[in-house]
Amino acid sequence: MKSHILRRFSSFLTGSRAFIAFACFFVSIPIPAQTNALPPHPRLLLNAEGIAALKQRIAAAPWASSSWDELKARADRDLNKAIELPPRGGNWSHNFVCPEHGARLRQGKKIGPWQWEYTCPVGNHVLRGDPAKATLDFDGNAISEIHANFAREVINDGLIYQITGDKRYASHAREILLAYADRYLTYPVHDNQGKPGGRGGHVASQSLTEATWLIDIEQGADLIWDALSEADRSAIADKMLRPALNEIVIPQKYGIHNIQNRENSAIGLAGFLLNDPKLIALAIDDPQTGFREQMDRGVLPGGFWLEGSTGYHFFAMDGMWQLMEAARNCGIDLYGPKFKSLFDGPMSLTMPNLSLPNFNDSGISPLESHADIYELATARYHDPAYSALISKDRSGRMALLFGATNLGNGNLNLPAASRNLAGPGYAIRAARWRSRAS
C-alpha cells in the first residue's frame with residue numbers, strides 16, 4: 001500500500017494543481033473551487049500549438065487538405081440552416097432493429113415532424129416508429145443521431161474558427177450551445193427501455209451516450225470559448241454541463257469498465273474547460289473509477305483491456321484519449337507505458353490476415369479498421385511499427401488532428417511463433433506466419 005501511494009504521489013508532482021488533487025483523496029484537504037494554473041483556451045481537443053500544427057498539416061499534406069476541405073464543406077452546408085433541436089431525447093441504438101427479423105433498420109423518407117419511414121433489409125417491408133414503446137421508437141433513434149450531429153457541428157465550427165478566425169462559425173456554434181443550454185433540462189430523463197428516470201439520460205437513454213455527446217459539446221465549446229460572453233459561459237456551464245454531470249454521468253458508476261472511461265473523459269473535460277480541480281481529480285484520480293485506476297487495474301499484462309473483447313478493447317481506448325489530450329494540453333502527462341501497451345497488445349493477437357479474432361461478444365475485426373487511433377499513437381509514442389497500420393488515404397479525423405506528415409515506412413514485426421498470452425488467457429498455435437511491411 002505504501003509503494004502504491006508513493007507511486008501515485010510522485011506521478012502528481014507535475015504541478016501544484018495536481019498535488020492538491022492528490023491531497024484531497026489521501027489527507028482530506030479540500031480542493032479550491034477554481035485555480036488560475038490552466039493555460040488559455042483552447043486546451044481540450046487542441047491547444048495553440050496543436051492549432052498551429054493543424055494549419056501546417058493542412059498546408060503540407062494533400063490527405064490533410066482533402067479532409068479539411070470535406071470538413072469545411074460540411075460546416076458550410078450547416079452554417080445557414082435553422083437550428084431546430086429535437087423535441088425530446090433519443091433512443092437506445094440497440095432498439096433500432098426490425099421487431100420481426102432482428103436486422104438493423106434503414107432510415108427512409110420523412111413523413112412528418114420528427115417522423116420517418118424505416119425499411120428492414122431482410123423482409124423488405126416498411127415500418128413506422130411508435131414512441132410509446134422503446135423497442136419500436138425508431139424515430140427516437142433518428143433523433144439520437146440528430147443530437148450527435150449537432151454536437152459534432154460545434155466541434156467542426158470551432159476548428160474552422162480557430163484556423164480561419166471567421167466569427168460566423170463561432171456564432172453558429174454558440175447558437176447551438178445556447179439552444180441546448182435552454183433546452184437540456186426540459187428533456188425528461190429516460191432509460192433504454194423508455195422508462196422515466198433510471199440509469200438514463202436527458203438527450204440520450206443511457207449515460208454512455210450522454211457522456212459521448214457531452215465530450216463533443218465540451219471540445220467544441222472550448223474551441224470558441226474566447227468568443228463567448230461571461231453570460232454565455234455561465235449558461236452553458238450551469239444549465240447544461242454541470243447538470244449533465246451531476247444528474248447523469250457522475251452518479252452512474254461502472255468501476256473498471258469501458259463505459260467508465262467515457263464518463264471520466266466527460267467529467268475531466270468539464271473540469272479542464274471550467275477550471276474546476278474537483279472534476280479533474282474525480283476523472284483522473286478517483287480511487288475506484290479514475291483514469292489511473294483504469295490503467296492500473298484495467299490493462300492486463302501484454303497490453304489487453306480486461307473485458308477480453310477486441311471490440312471493447314478499442315472502444316475503451318476511444319473513450320480515454322480525449323481526457324488524455326486535455327490533460328496533456330494542461331501540463332499533466334497521462335501517456336504512460338500502460339496506454340502504449342494497448343496499441344501493442346493487439347499486434348500480438350492478430351491473425352495472418354491482420355484481423356483480430358471474435359472473442360467474447362466482439363466480431364472479427366481487421367486491425368487496419370482501427371488505423372485512425374494509431375495516428376494518435378504515432379504522434380505520442382513515435383513507434384515506427386504503428387505507421388504500417390495507418391491507412392494510405394489517411395482520411396480519418398485523428399489523421400487530420402494529429403497525423404505525422406513525415407510518416408516513413410514501418411514494419412509490424414508480427415510474432416511468427418506459437419505463443420501463450422498469459423494476460424488475457426489466450427493461446428495461439430501458429431502454422432505459417434509472415435511479417436508484413438507497409
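Residues 24 or more positions apart account for 65% of the contacts in the protein chain with a separation of 6 or more, where contact means heavy atoms within 4.5 Å. The model is predicted, so local features need pLDDT of at least 70 and side-chain atom pairs count only at pLDDT 80 or more, while totals for chains, interfaces and linings use all residues. Residues are numbered from 1 along each chain as its sequence is written, and side-chain values use heavy atoms, with hydrogens and water left out.

The protein chain holds 16 helices and nine strands; helices (H or I, at least four residues) and strands (E, at least two) are DSSP runs, numbered from the N terminus. Its radius of gyration is 22 Å, close to the 22 Å that the globule rule gives for 438 residues, so the chain is as compact as a globular protein of that length. That radius is taken over C-alpha atoms, and the rule is 2.2 Å times the number of residues to the power 0.38. Along the principal axes, the C-alpha trace spans about 60 × 60 × 45 Å.

Of the 438 residues, 55% are buried. Buried means under 20% relative accessible area, exposed over 50%, and partly exposed in between (1.4 Å probe, protein chains only). The largest nonpolar core has 115 residues, and Leu159, Phe272, Phe339 and Tyr374 touch the most other members. Helix α8 (residues 230-249) gives the most to this core, with nine residues. A second, separate core of 12 residues includes Ala103, Leu105, Tyr118 and Ala142. A nonpolar core is a set of buried Ala, Val, Leu, Ile, Met, Phe, Trp, Tyr and Cys residues joined through side-chain atoms within 4.5 Å.

Helix α13 (residues 321-329) is mostly covered, with eight of its nine residues buried. Among the buried residues of α13 are Trp321, Gln322 and Glu325. Just after α13, Gly331 takes a positive phi of about 90°.

Between α2 (16-27) and α3 (48-60) lies the loop with Pro42, and a cis peptide bond joins His41 and Pro42, with omega about 0°. Asn124 sits in the loop between β2 (115-119) and β3 (126-128). Phi of Asn124 is near 55°, a positive value in a residue other than glycine, and Asn124 counts as exposed at 68% relative accessibility. His382, in the loop between α15 (371-381) and α16 (397-402), has a positive phi of about 55° although it is not a glycine. His382 is exposed, with a relative accessible area of 61%.
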